[in-house]
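The sequence and the structure are shown first.

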Amino acid sequence: METMIEVESVSKKFRLYYDRPLSLKERIVTGSKGVYKEFYAVKDVSFKIKKGSTVGLVGQNGSGKSTMLKMINRTMFPDQGKIKVKGKVASLIELGAGFHPDLSGRENIYNNASVFGFTRDEIKAKIPNIIRFSELEGFIDNPIRTYSSGMYARLAFSVAIHVDADILLVDEILGVGDINFQAKCANKIYEMRKDGTTILMVTHDMSTIDRLCDYAIWLDKGEKVSEGEPKEIQYQYLAFMAGKQEERRKSETEENFNKEESDLDKDVEGEAKEEKETRIEITHLGDHFGNGDLIFTDFKFINSRGTDKRSFYTGESIKAKVFYQCQVPPEKLLPNIGLEVYDEQGRLIYGSNTAREGQKNIKLKDKGEIDIELKDLQLLPGDYKFGVAVADVEETGSYDHYHNIAQFKVYSNSHDIGYVRLQHKFVVDGTEVESSFKGVL
Amino acid sequence: MIEMIDRAKEIIQFQEMIKSWTRKELRTRYKGSFLGFLWTFVNPLLQLVVYSLIFPFIMKFNQENYAMFMFVALIPWNFFTASLQGASGIIVWNSSMVTKVYFPREILPISYTLSGLCNMIFSYMIVFPMLFVFRVSFTWNLLWLPVLFFIQTILCLGLTFIVCSINVYFRDLENLISVGVLALYFLSPVMYDITAIPSKLQKIMFLNPMTGLLVMYRDVTFKGVALDIKMLFISLVYACVICFVGWKIFIKLQKKFTEIL
């Protein structure tokens, strides 16, 4: 296959000025070029993009993906290395380049299309299609300052997409116009893809990459981490991101927790002296309510391998560990242990307790641990809240109750919609349709 | 040099963009005003009215037909100042395009200069009937005008290249230029004839690339005499050198436009 874009150990350095002196006077007077720090926006990156492929460039903010795109688009030049690009490049990076508010839609189409290097006749031939695609037939001869921002974007997008480019550069996913128009745009991109246009898109939304691309390149801090099948890259990327979040959370809670633990120790000692007079207050687990006869002192999520985690793959088995402590003699309690799972907006997805499951006679100790195991977690990707409670068996009141003791994330390669994955299969005329869904990694 | 040829080829490929941007420049200049495009003609006409009222009555010059004398030089001078003053901002104002879309950057200065040329030609259309009104005789020497237009365009393009690219790096240039232009105005034979200057000083004045052109514009239109071929040739070479150097500077500086803007 023909290589359309060849990036050869490209580096791009930026100067980060702390206070960039713009004026000649300042330069002369201070005799300096200003205080700056150099950093690599892109460092020694190489890759090749083949004709007709749709490639996704992924990475977090500041990973250098947009800089890369700008260099391919030739608005920036690399400091080291080479970039070879074959054929006409169109970009959906800047829509409506050079639009003038006082000119009519038609004149602006004309100006905008000329930026791509077309001749007059070529533009003339395209104009009817562009206008039809933009759905602005009735307004095309009005000055575009009278347009709404949606109309403006539609016009701009229509021009950009009718440039018969060999390579199309797309930055982030297109939030143009209403849902119908977006679908139309997506269709048009599919069509161009079918016609052999090479597409390079930049995004941090992994699901787009998986849906649209046949190859992915992952950049982090200016360097290429890996490249390959979108699915493969997606797993790596998500695992990496989850790990990062984990780190941040741990360092945050550790700080809080260390502080409280020392308070807790003091309290326990105090309680030993004057029984019942002082009760332990737990604040580090978030908002809770209850009469305090029993309290939860700590909480942990662990995955099937026993590691402390807050993100899980659909299908994974997870265990919630809750540590409790009774503030009255445990024989006096009629414990009823419950669990709740909420979605991000706080809608209850599932809840149950031991009493409802028929166990009304659970014995607790003074201090102990309750494990709640969720086998084969069939939640779809998203953020969830976990709640836990010990109430009395009649559910008249709680000893301690959390609606949100911990949040967790679920990710997977599933594109299903809803909350829960229901086991299913499609059978068409007797043949089972194979699903790309992978359970546990 | 090879780079320049490649760039030139690419610029030719983008000729449609040059055309449409020149048109846009011209059309949007007076957009929204009541007279619109007519201003291109009305503006110089009103200027001429002002001069022909002020000079004969308020300031007395020996020069016969002073308003016309000045006007034929003032129009090219306006084009010249535009290529210095107005040009300083063309890259900066179009920064959203420059940073995000690829096209040969030269298109912006080229179309700006061409729109200036068009404006000058339109203004000169006022000159012809006025020459008649002021009873200045027409001669065949007027046919030199296109040649002068051509040379001045090359000169202005070169200056535009330099000014617009340097201004991206030093925004102070804009302000320096407006002062410089005012000084140059008095040092150029716009308000007076070159012969009014001592011949020693004349040599220094010819360092200004516009001096020769202004003298020739006045020769062929107002005075109706043939122009000095040697002066024409020198002006042409001078303009070409400035344009070449200007383009070189532009090519060098344009690589970092996106980062700086």
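## Basis of the description

Helices (H or I, at least four residues) and strands (E, at least two) are DSSP runs, numbered from the N terminus. The model is predicted: local features need pLDDT of at least 70, side-chain atom pairs count only at pLDDT 80 or more, and totals for chains, interfaces and linings use all residues. Side-chain values use heavy atoms, without hydrogens and water.

B:V237 is located in helix 12 (residues 229-254) of chain B. With 39% relative accessibility, B:V237 is partly exposed, a class that lies between buried (under 20% relative accessible area) and exposed (over 50%), with a 1.4 Å probe and protein chains only.

Patch residues have over 30% relative accessible area and no salt bridge; nonpolar side chains are joined within 5 Å and like charges within 9 Å. A salt bridge is a side-chain nitrogen of Lys or Arg within 4 Å of a carboxyl oxygen of Asp or Glu.

## Positive patch on chain A

A patch of positive charge on the surface brings together A:K48, A:K50, A:K82 and A:K84. Strand 2 (36-50) and strand 4 (80-85) of chain A each give two or more residues to this positive patch. A:K82, in strand 4 of chain A, is exposed at a relative accessible area of 52%.

## A buried aspartate in chain B

B:D193 occupies the loop between helix 9 (173-187) and helix 10 (199-205) of chain B. Its relative accessible area is 13%, so B:D193 counts as buried.

Notes:
Residues numbered from 1 in each chain as written. Chains lettered and ligands numbered in written order. Areas by Shrake-Rupley, 256 points an atom, 1.4 Å probe, with all protein chains shown as cover. Lys, Arg positive; Asp, Glu negative; His and termini not counted. Charge placed at Lys NZ, Arg CZ, Asp CG, Glu CD.
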